[in-house]
Amino acid sequence: MIAKFLRIWTRMAVMSFGAQLSYGIGSFGFLAGKLIRLFFFFAYIVAIFSHTKSLAGYTLAETVLFFLTYNVVDITAQVFFRGIYGARRAVQDGDLDYYLIQPCPPLIRLAASTVDFLDLVTLVPVLALLAATWTKLPGIGLAEIAGYCLLVLNGVLIALAVHIIVAALAVRTQELENTIWIYRELMFLGRFPVDIYGGALKIVLTVFLPIGVMTSFPAKALLGLLSPAEGVYALGVAAASLSFSLWFWRDALSRYTSVSS
Amino acid sequence: MRKYLYVFGLSLQNVLQRRATLVMDRVGGLAAILALYYFWEAILQGKDEFLGYSRSQMLTYVLLMNVMRSFVFTGRGWELVQEIAHGRISSYLLRPLSYQGYSLSLDLAQKTIHLASALLELVVLVALFHAPVYVPARAETWTLFAVAVAASSLLFFFLEFLVSCLAFWTSESGGPLFCFELFLNFAAGSFFPIDVLPRMLQELLRATPFPYLVFFPINIYLERVSGPEAFRLLAIELGWLAAAWAGTQVIWRRGLAVYAAEGG
């Protein structure tokens, strides 16, 4: 089953790559824009730290680690789940009807319909900067690295849950065009350590909109600042949000009437 | 003039008709302001000032960014790109109106609503955070600030229009427009004030029109530039506005000359 999904994904990815290559100037512009955003944000953080020593107790290297971890989680989600952005259009244009009769779960077909290679390219400098940042962080052992990788994956799974909920909302309402963009805007809060936010907002970002769990928890695990209880909580949030999103998706599909096609 | 007022009125109604979309847009946009507000609060912890900005000046800068972004950064670039790419612009060219005037009317309606929302949000955020808002001491600062904001809004309109006109030559102009808008956001100081950057990068950016969109108007409001300096900056901004307007007229005419109404 997994091999089949992988084959479908690879085929769709090759087609997306071809489409992006044929859109040369446009793709170059989008890629340059993404790199500019990364460069400028990074440059501003480094520049600000040339005038101060810490941000809520975090050093420059630690703050950069939070920022890069946000990028890893966010960009990975963009690479693999970009197709979900077209969910509303797929419903309105009737494409979802075709997806439903294909021998592949519609959610996977929908997610794989666009694989963003531009984001994949953006991930390269992020990972290079991350590697350079690690060398400036003292006392990082294998356990911390394993915890970091696990919680990054956990963050991507929560992002997957959000994307599935957005797709389900599109199927149920044929509206909410900008739900995914609200998620993208809210993710801005994940660029900085969740500890900088005031009491109520920190709780919101840890419990109700778990952006802090997605982006700050992995970095805190790497720095040895995350308690085992918080680690278990993070895994629980991912399991609960994924379970809910899949139930919600199935429920949305069961109510789908193909009304727009 | 009356037809543009009608366009303005119809556009106002159109935006207000989709209230849920408007509210969701505004809520999403607030995330960046919240993040940056808390970021600067954390940086200013235990400090009276940062790079010459007092605590109230820096936090006011962040809060004003939301107002500036709402009033300055609402253009019609993406619509223009689509209208050229799909040939829809043809129908406007046949009508007895100027397309730029029509666009500006639509844009002004959007700006009016977003500005009203941003001012309301400003009041809510100030009340919520008990933010120490900087209020200019000199009366003329308000006038200078209002003129600078009006000019920066027009400057953005023409700069974005100019880049969007690339669509006359290529159907792939969305990428360059995306790149331009992201660069402009950072170069204008709409995330961080540009004077935190290294001196060389600052000088480079100051030689472009971008800091006149957000950074300089806010600095005028914060009275970080003296009276004569504020007038000098305003004169440069108006110079950039004239250049952007002239550039737009030239590119627009050349674009129309090669326009083939593909898809129209």
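## A tour of the interface and a pocket

Across the interface of chain B and chain A, zero salt bridges are found by the rule. The model you have open is a predicted one.

**First stop: where the chains meet.** Colour chain A and chain B separately. The polar contacts between chain B and chain A come to five residue pairs, both residues of each at pLDDT 80 or more. Now select helix H2 (19–43) and helix H8 (174–187) of chain B, the elements that each give two or more residues to the side touching chain A. Of these, H2(B) contributes the most, with 15 residues. Sorted by class, this side of chain B holds 27 nonpolar, seven polar and three charged residues.

Next, show both sides of the contact: 37 residues from chain B and 36 residues from chain A. Between them an area of about 3300 Å² is buried, and carbon and sulfur atoms give 80% of that.

**Second stop: the second largest pocket.** Select Phe80(A), Phe81(A), Ile108(A), Ala111(A) and Leu160(A); among the 17 residues that line the second largest pocket, these lie nearest its centre. Then display helix H1 (2–22), helix H3 (60–81), helix H6 (106–112) and helix H8 (142–173) of chain A, the elements that give two or more residues each to this lining. H8(A) gives the most, five residues. The space in the pocket is about 480 Å³. Which classes of residue make up its lining? Colour by class to see 17 nonpolar residues, no polar and no charged ones.

Terms used: Residues numbered from 1 in each chain as written. Chains lettered and ligands numbered in written order. Predicted model: local features only at pLDDT ≥ 70, side-chain atom pairs only at ≥ 80, totals over all residues. Heavy atoms only, no water. 1 Å grid on protein atoms, 1.4 Å probe; cavity = no way out; pocket = protein on both sides within 12 Å on 5 of 7 lines; lining within 4 Å. Points joined across faces, edges and corners; volume = space filled by probe spheres on them. Helix = DSSP H or I, 4+ residues; strand = E, 2+ residues; numbered from the N terminus. Nonpolar A, V, L, I, M, F, W, Y, C, P; charged D, E, K, R; others polar. Contact = heavy atoms within 4.5 Å. Buried area = accessible area lost by both parts, 1.4 Å probe. Salt bridge = Lys/Arg side-chain N within 4 Å of Asp/Glu carboxyl O. Polar contact = N/O pair within 3.5 Å; in protein donor to acceptor, adjacent residues only side chain to side chain.
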